[in-house]
Amino acid sequence: MGIFIPMDNYMVILEEVGRWKIIGMKKLYNSLNLDSSYSFFCRQVRKLELEGFIRSITGSRKRKYLTLTASGSKLSPYNAQFDESDAELSHDLIVSNVVGELNKFETLGEGHVLHESDFFQVEPDGLIYINKDGIHGSMAIEVELTQKAKPRIASKFSAYKNADCFNYCLYVFNKESVYHAYRRRLELMNESVREKILMILDPNLSISQFSYRGRPVYFRGKESLFEELFANEKRE
């Protein structure tokens, strides 16, 4: 039997799995818009599993999720592998969903999940790019499902202030108590920190739902609707 070298659709699958770190089979298939049938796609995924480039994880309700192995990670520009644990599985799937939904907004795109990279000065959960009224920028994404210690929160805020690789960082919360704890801590920071951090609360945040349109975003000491901050300005 010859050596298997991933090419064409196989590489497309590997790159997309790496982009999201961990992603469900159906969601992966839908995101790729492949010409092939779902059954043929499943056979290709199975081939990548057998060759050791992808591994699968069974989640709740026997849903199948995919992540890269060390070998697959070497072929992907995103170099994202998942270290298996129930808590990390839920967190990373929510991050994947958040970034994927934000990608659909008119001024945001090219987002992906980050993992164990030495390239950035501070390591967020995800990264997305902004193109608003012709002005380009980058925004880190932090999904906070549990509250960290106050010194750790302040340290992360300061790290983003000093990180010239990101113009902004959007914190996403699903618990009101955690949101307000982070907000109070941010209010104690100096202005140079506050002008880089944004916060949004979605109580219904999950691996399949993230509602940000029409929601208030806390930024620079006040709340504004998401669209007011990120939509292109309408010109007559």
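Ser224 sits in strand 10, which covers residues 222-225; strands here are DSSP runs of type E with at least two residues, helices are runs of H or I with at least four, and both are numbered from the N terminus. The model is a predicted one, so local features need pLDDT of at least 70 and side-chain atom pairs count only at pLDDT 80 or more, while totals for chains, interfaces and linings use all residues. Residues are numbered from 1 along each chain as its sequence is written, and side-chain values use heavy atoms, with hydrogens and water left out.

Ser224 counts as buried because its relative accessibility is 11% (buried means under 20% relative accessible area, exposed over 50%, partly exposed in between, with a 1.4 Å probe and protein chains only). Setting aside residues up to four places away in sequence, Ser224 touches Arg215, Pro216, Val217 and Leu229, where a contact means heavy atoms within 4.5 Å.

Then there's the open sheet: three strands in the order 1-3-2, paired antiparallel (two strands pair if DSSP finds at least two bridges between them). Strand 1 (23-24) and strand 2 (54-58) are the edges, each pairing on one side only. Two bridges link strand 1 with strand 3 (residues 64-68) in the antiparallel sense, and Ile23 stands opposite Leu66 in strand 3. Helix 1 (residues 9-20) packs on this sheet and touches strand 1, strand 2 and strand 3.

Beyond its neighbours within four places in sequence, Glu16 is in contact with Leu28, Ser31 and Leu32.

Technical notes
Axes are lines fitted to C-alpha atoms, for helices over the stretch in contact, and angles run from 0 to 180 degrees between N-to-C directions.
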